[in-house]
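Biologist: I would like to learn how to read a protein model. Could you take me through one, feature by feature?

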Amino acid sequence: MSKPTFLYVTYIATTIEQIWDAITSDSFTQQYLGEEQLQSDWQTGSPIEQVNSEGELEPKGEVLRSHPPYELCYTFQFFDHTQPSCVRFLLEPSGTQVKLTVVHG
């Protein structure tokens with residue numbers, strides 16, 4: 001298994017459910033991606049589509065694992081059509097906070 005190209009760990013004073021809702025909501029992905037947003041039902045095996053600025057849907061990936069509200073893993077195809085990358089969110093309770101780990105590679 002190759003090393004991830006990006007590993008980020010942070011602690012957030014909120015609930016796991018609120019973070020899950022944020023990473024799976026259209027409005028959050030739009031903030032992250034600028035004008036565009038990701039849409040999916042976020043179930044294992046479901047497609048992920050990107051809504052572009054003209055409102056058209058473009059296939060972007062597939063949900064590999066979905067264990068709400070603790071883990072979400074999906075592939076993502078960048079605009080340059082290179083090999084799709086894998087994005088993984090891990091959410092763990094940590095006292096009054098949530099440990100959020102993002103692995104991308």
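Modeller: We will go from the overall fold to a few single residues.

Biologist: What should I know before I start reading?

Modeller: This is a predicted model, where local features need pLDDT of at least 70, side-chain atom pairs count only at pLDDT 80 or more, and totals for chains, interfaces and linings use all residues. Residues are numbered from 1 along each chain as its sequence is written, and side-chain values use heavy atoms, with hydrogens and water left out.

Biologist: What does the protein average in pLDDT?

Modeller: pLDDT is the predictor's confidence in each residue, from 0 to 100. Where it is low, the predicted coordinates should not be read in detail. Here the protein averages 87, and 90% of the residues score at least 70. Among the elements, helix α2 (residues 26-33) has the lowest mean, 74, while β7 has the highest, 95.

Biologist: How many helices and strands does the protein have?

Modeller: Helices (H or I, at least four residues) and strands (E, at least two) are DSSP runs, numbered from the N terminus. The protein has 2 helices and 7 strands, and along the sequence they follow the pattern β-α-α-β-β-β-β-β-β.

Biologist: In which order do the strands form the sheet?

Modeller: Strands of a sheet pair through backbone hydrogen bonds, either parallel or antiparallel. Two strands are said to pair if DSSP finds at least two bridges between them. In this case 7 strands form an open sheet in the order β1-β7-β6-β5-β4-β3-β2, with antiparallel pairing. The edge strands are β1 (6-12) and β2, each pairing on one side only. On average, neighbouring strands of this sheet are turned by 25 degrees against each other, direction ignored. Helix α1 packs on the sheet, touching β1, β4, β5 (71-76), β6 (85-94) and β7 (97-104), and its direction makes about 160 degrees with that of β6. For such angles, axes are lines fitted to C-alpha atoms, for helices over the stretch in contact, and angles run from 0 to 180 degrees between N-to-C directions.

Biologist: Which strands does β3 join up with, and by how many bridges?

Modeller: On one side, 3 bridges join β2 (residues 37-39) to β3 (residues 47-51), with Leu38 standing opposite Gln50. There are also 5 bridges from β3 to β4 (residues 57-67), again antiparallel; Glu49 has Pro59 as its bridge partner, and Ile48 has Gly61. β3 and β4 form a hairpin with 5 residues between them, and Gly55 in the turn has a positive phi of about 85 degrees.

Biologist: Where is there a cis peptide bond, and which residue has a positive phi although it is not a glycine?

Modeller: Most residues other than glycine have a negative phi, and most peptide bonds are trans. In this model a cis bond joins Pro68 and Pro69, with omega about -5 degrees; Pro69 is in the loop between β4 and β5. The positive phi, about 60 degrees, belongs to Trp42, found in the loop between β2 and β3.

Biologist: Is Thr24 buried or exposed?

Modeller: Buried means under 20% relative accessible area, exposed over 50%, and partly exposed in between (1.4 Å probe, protein chains only). Thr24, in helix α1 (residues 16-24), counts as buried because its relative accessibility is 15%. Contact means heavy atoms within 4.5 Å, and leaving aside neighbours within four places in sequence, Thr24 is in contact with Trp42 and Leu72. Trp42 is buried too, with a relative accessible area of 5%.
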